[in-house]
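Q: Got a model open here and a few quick things to ask. Can you walk me through it?

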Amino acid sequence: MSYIGSDDFDDEQNKLGEYEGDRNEAGERHGFGKAVLPNGDVYQGHYETGQRHGEGTYRFKNGARYVGDYLQNMKHGQGTFYYPDGSKYEGSWVEDLRQGHGLYTYPNRDTYDGEWLQHVRHGHGIYHHHDTGAEYKGSWVNGKMESAGEYIHTHHRYKGSFVNNYPCGPGRYVFDIGCEQHGEFQQTEQDRAEGEWGELSSNTTLKWIPKCITGLTPWTPGRDSTAGEKETASAEEGAENSP
């Protein structure tokens, strides 16, 4: 959820709203003060030459609240935003946008702990599903799971590459009982979805194509099936040459 908010409507030049606090020699808001904006929002914190600058608390009339750093009227630095729907973001801001590292807690108590860029998940991060306990650890691009990552479930995990939020290409399932299934995810045209990720679109679905089962092997993103295939080939060769 994004909410930059109505704190952009404070206009000292037009003498809008009410202000109590420090001023500089030019009469500008400077130092610590409290402002009540015409729309009902309230800011209490530091000012510099007429702009919110430094630590402050901004309370929106819809119940949202920001507590943190400001730079020239913009949320910038470290801060926590409490959204009206109950969600919360704690982390880094750059010019009113979530950017850098931050923790977002969603209304359903899911969490994302990782990197942000211009208000969306971007970089490395962990998304945890509260209801199921499942979580994704890996790379994000423009808010979607992308490139190398692993999806962790209660008794198994999937390791491989992701494209547009879905696994794609070679990968492997790692099971708690101490074995792995190597294979590949492919897109297929079917009426119903197959696999735990379900439908990609109305007609395109994911299909898991298993190749072999092995013991536990080191994970190299993008090369998940290689080790398993070599191990299986060696085992089959040994069996053929045995009496």
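Q: Where is Asn 73 found?
A: This is a predicted model. In it, Asn 73 lies in the loop between E5 and strand E6 (74-82).

Q: Is Asn 73 buried or exposed, and why?
A: Asn 73 is buried, because its relative accessible area is 18% and the cut-off for buried is under 20%.

Q: What does the side chain of Asn 73 reach?
A: The backbone nitrogen of Arg 52, at 2.7 Å.

Q: Leaving out residues up to four places away in sequence, which residues does Asn 73 touch?
A: Gln 51 and Arg 52.

Q: Back to Arg 52. Which ring face does Arg 52 lie over?
A: That of Tyr 43. Arg 52 is 5.6 Å from the ring centre.

Q: And Arg 121, where does its charged end sit?
A: Over the ring of Tyr 112. The distance to the ring centre is 5.6 Å.

Q: Switching to ring pairs. How many aromatic pairs are there?
A: The count is 32 aromatic pairs.

Q: Take Tyr 66 and Trp 93. Why is that pair edge-to-face?
A: The planes of Tyr 66 and Trp 93 stand at 85°, so the pair is edge-to-face. The ring centres are 5.6 Å apart.

Q: Which strands do Tyr 66 and Trp 93 lie in?
A: Tyr 66 is in strand E5 (residues 65-71), and Trp 93 is in strand E7 (residues 88-94). The pair therefore ties together parts that are 27 residues apart in sequence.

Q: Are Tyr 66 and Trp 93 buried or exposed?
A: Both Tyr 66 and Trp 93 are buried.

Q: What about Tyr 104 and Trp 116, how are their planes set?
A: At 35°, so this pair counts as tilted. The centres of the two rings are 5.8 Å apart.

Q: Which parts of the chain does the pair of Tyr 104 and Trp 116 link?
A: Distant ones, 12 residues apart. Tyr 104 belongs to strand E8 (residues 97-105) and Trp 116 to strand E9 (residues 111-117).

Q: Buried or exposed, Tyr 104 and Trp 116?
A: Tyr 104 is buried, and Trp 116 is too.

Q: Last topic, confidence. What pLDDT does the protein average?
A: The average is 84, and 77% of the residues score at least 70.

Q: Where is the pLDDT below 50?
A: Residues 1-14 are one such stretch. Beyond near neighbours in sequence, residues 1-14 have 47 contacts in the model. Residues 224-243 also have a pLDDT below 50. That stretch has 22 contacts in the model, again beyond near neighbours in sequence.

Notes:
Residues are numbered from 1 along each chain as its sequence is written. This is a predicted model: local features need pLDDT of at least 70, side-chain atom pairs count only at pLDDT 80 or more; totals for chains, interfaces and linings use all residues. Side-chain values use heavy atoms; hydrogens and water are left out. Rings of Phe, Tyr and Trp (its six-membered ring) pair if their centres lie within 6.5 Å; planes under 30 degrees apart count as stacked, over 60 as edge-to-face and the rest as tilted. Helices (H or I, at least four residues) and strands (E, at least two) are DSSP runs, numbered from the N terminus. Buried means under 20% relative accessible area, exposed over 50%, partly exposed in between (1.4 Å probe, protein chains only). A charge sits over a ring if NZ of Lys or CZ of Arg is within 6 Å of the ring centre and within 35 degrees of the ring normal. A polar contact is a pair of N or O atoms within 3.5 Å; within protein, one must be able to donate a hydrogen and the other to accept it, and residues adjacent in sequence count only if both atoms are side-chain atoms. Contact means heavy atoms within 4.5 Å. pLDDT is the predictor's confidence in each residue, from 0 to 100.
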